[in-house]
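Dear colleague,

Please find below the structure that I am handing over to you. My findings follow it.

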Amino acid sequence: MTAEQIVLLGGLWLDESVWTSVARELEQGGRHPVPVTLPGQGDGNRSATLADQLTAVLAAVDAGPGKSVVVGHSAACTLAWMAADARPGRVAKVVLIGGFPSSDGQPYADFFEITDGVMPFPGWDPFEGADAADLDERARRAFEAVAIPVPQGVARGVVHLTDERRFDTPVVMVCPEFTPAQARELIAAGDIPELARAKHVDLVDIDSGHWPMLTRPAELARILAAV
């Protein structure tokens, strides 16, 4: 069955508006994008949990007329993979942009300090180099202005994966700040256990930093449309 919609999940600190340009390109190409507002990232809910975010993703998948391609960016690569685990019959393919799915029992995004119950954007120091090389000062200031502190219940949430059928779901890994060769090495070395067990993994290069939906939206949309 052909997927009827492309569900778009932003990474940490991002709301659904990060997909605006990509969604426009997809619509012009005859695709049906569905950017998801993740609880705690755009709705003002500072008490949101990882389970709440998964519920929102599954609601989008279940609302589709057919199967969905689920696209996760950065930390939300894990969220996309959790959707494939929870809906193996409804998720046609998972696309991972600039990230890797965590394994069962691991924290979702235990990366930065929690302050007053949220994980604020930590500034650009952790992302210097390839991650942010294609973001100029104006783009960085714009990002900072809209970055949403992620609730502790999301960032420190524990990943639960229960259905082995997720490994049958085809995966496309879009490689922005790293190369497909580097991703293959990580998978072969066992550093990404979930993808080492996945039966179908394709790797696609995109010449961008960590946020290609902001810096290369047309190219990213072409990749997603081809998926």
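Which residues are buried in helix α6 (residues 180–188)? They are Pro180, Ala183 and Ile187, where buried means under 20% relative accessible area and exposed over 50%, with partly exposed in between (1.4 Å probe, protein chains only). They lie on the same side of α6 because they cover an arc of only 60° around the axis, the arc being that of the directions from the helix axis to the C-beta atoms.

This is a predicted model, in which local features need pLDDT of at least 70 and side-chain atom pairs count only at pLDDT 80 or more, while totals for chains, interfaces and linings use all residues. Residues are numbered from 1 along each chain as its sequence is written, and side-chain values use heavy atoms, with hydrogens and water left out. Helices (H or I, at least four residues) and strands (E, at least two) are DSSP runs, numbered from the N terminus.

The cover over the buried residues of α6 includes β7 (171–175), α7 (193–197) and β8 (201–205). Exposed Glu185 and Ala188 sit on the face of α6 turned away from its buried side. Just after α6, Gly190 has a positive phi of about 85°.

Ser208 is located in the loop between β8 and α8 (212–215). Ser208 is buried, at a relative accessible area of 9%. Apart from neighbours within four places in sequence, Ser208 is in contact (heavy atoms within 4.5 Å) with Asp134, Pro176, Glu177, Thr215 and Arg216.

Yours sincerely
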